[in-house]
Amino acid sequence: MERALLARTGSMGERVAMYNANALKIGVFGANCSSGRSATTVPERWSASWPDCLRLARMADAAGIDFMLPIGRWKGYGGETDFHGTTLETVTWAAGLLAATERLTVFGTVHAPLFHPVIAAKAFVTADHIGQGRFGLNIVAGWNEGEFEMFGVKQRDHEARYQFAQEWIDAVKRAWSEPHEFDFDGEFLKLRRVRAHPKPYGNTRPIIMNAGSSGTGQAFALRNCDAFFTATAASRTSLEGAARKVAEVKGEALKLGRDIEVYTVGQVVCRPTQQEAADYYRHAVIDNADWGAIDGMLALKNITPQTVPAEEFAAKRRYFAANAIGGYPFVGTPDRIAGELANISAAGLRGIAVSFVNYLEELPYFCAEVLPRLARLGLREKD
Ligand SMILES: Cc1cc2nc3c(=O)[nH]c(=O)nc-3n(C[C@H](O)[C@H](O)[C@H](O)COP(=O)(O)O)c2cc1C
């Protein structure tokens, strides 16, 4: 084993580097939700059961995968499979996986308006101690009205959502860092005589990420986060587009005196031949798509046969199934996929969170074939 594990000391840099020197970080995305990132009816679709998640995390940990990123989802999207109808809550999921692994960073994905910040800060610290400094936080402002309704929480307008999220993360960070009792006097949050011990592991704090796509969401990430996830089409379809996005985000962060890493997401179908990969991708993602679930997701974005012309609706539906839910599709042989991942690294992206139709069945081949190729290209440590 040539991988040099960075010591888990109190350095924010080592946290952000996920305690390793891999230039291109690779994570597993969406495994806490039924069907993961593929709205498909194929019988091998992902269960998201705890035993499967646990096996997956141990497998990923042993293979040198850098992180696991769950989706904060509270309600299924309907359709034949009720896509995302079964989900494991992400902070408790992360705590369990951190206890069972040694190297992985595991994120919790938290809707700020749904979690009291003092309870949240303590839950994160608890997970962080369980993982000895390997807990990460994905902060979500929220966008899905129907999810908020079931908590009796009113969704704020877009700007106010991020103003609230700002106070929320400020309160969480103070609970993580204030050595003494403190008051917090915000517009939304009024907290008196807060005491929060212990502090996060190793006198530092969990790595924080956000994936807002609006200007306001991106500005929030620049001010507060270590990692920004982008899934915009430009960052996925062309190298130049990706490089431009990375330069823009890093440049804006620099103006605030901050350094931020940029990540993206993608769906992987890796097979020994291009034909096999393309056939399976079409079979799972297009021919056996759960169109009812896809229509449910589009309807949340106000895209329905009633709101857009028939031809445009059909095109959007197909695009959404093929490119949007799981992110950019990486479909092909190990050589091709390693090459495409090397391209995103060359564009300046620090990493990618990937999904598979069935994570447990497909991750071993990806790790055995693609990771060594990336190591030979100098993008990952050798295992
Ligand atoms: C990688 C990634 C992960 C995300 N995870 C979640 C999630 O788990 N739950 C959620 O409600 N929204 C999630 N989102 C949505 C974003 O947090 C954000 O709300 C969305 O991109 C809209 O951007 P805006 O809030 O700036 O308008 C995710 C987006 C991306 C690209």
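I started at Ala48, which lies in the loop between β1 and α2. Helices (H or I, at least four residues) and strands (E, at least two) are DSSP runs, numbered from the N terminus. I noted that this is a predicted model, where local features need pLDDT of at least 70, side-chain atom pairs count only at pLDDT 80 or more, and totals for chains, interfaces and linings use all residues. Residues are numbered from 1 along each chain as its sequence is written, and side-chain values use heavy atoms, with hydrogens and water left out.

**Backbone**

I looked up phi of Ala48 and found a value near 65°, positive in a residue other than glycine. Most residues other than glycine have a negative phi, and most peptide bonds are trans. Ala48 counts as buried, at 3% relative accessibility. Buried means under 20% relative accessible area, exposed over 50%, partly exposed in between (1.4 Å probe, protein chains only).

I then checked Ser35, in the loop between β1 (25-29) and α2 (50-63). Phi of Ser35 is near 75°, also a positive value in a residue other than glycine. Ser35 is buried, with a relative accessible area of 2%.

I found a cis peptide bond between His197 and Pro198, with omega about 5°. I placed Pro198 in the loop between β6 (190-194) and β7 (207-210).

**Ligand**

I asked which residues come nearest to the ligand. Of the 19 around it, they are Gly72, His158, Tyr162, Ser213 and Ser214. A residue is near a molecule if one of its heavy atoms lies within 4 Å of it.

Next I listed polar contacts (pairs of N or O atoms within 3.5 Å). A side-chain N or O atom of His158 is 2.7 Å from a ligand oxygen. Ser213 uses a backbone N or O atom, 2.9 Å from an oxygen of the ligand. Ser214 places a polar side-chain atom 2.5 Å from a ligand oxygen. The protein covers 86% of the 620 Å² of accessible area that the ligand has on its own (Shrake-Rupley method, 1.4 Å probe).

I looked at which elements give two or more residues to the shell around the ligand: β3 (105-111), β4 (135-140) and α6 (158-177). By class, I read 9 nonpolar, 9 polar and 1 charged residues in that shell. Gly counts as polar here, Tyr as nonpolar.

**Strand β9**

Last, I located Thr264 in strand β9 (residues 261-270). Thr264 is buried, at a relative accessible area of 3%. Thr264 and Val354 are 90 residues apart in sequence, yet 8.7 Å apart in space, C-alpha to C-alpha.

Terms used
Polar contact = N/O pair within 3.5 Å; in protein donor to acceptor, adjacent residues only side chain to side chain.
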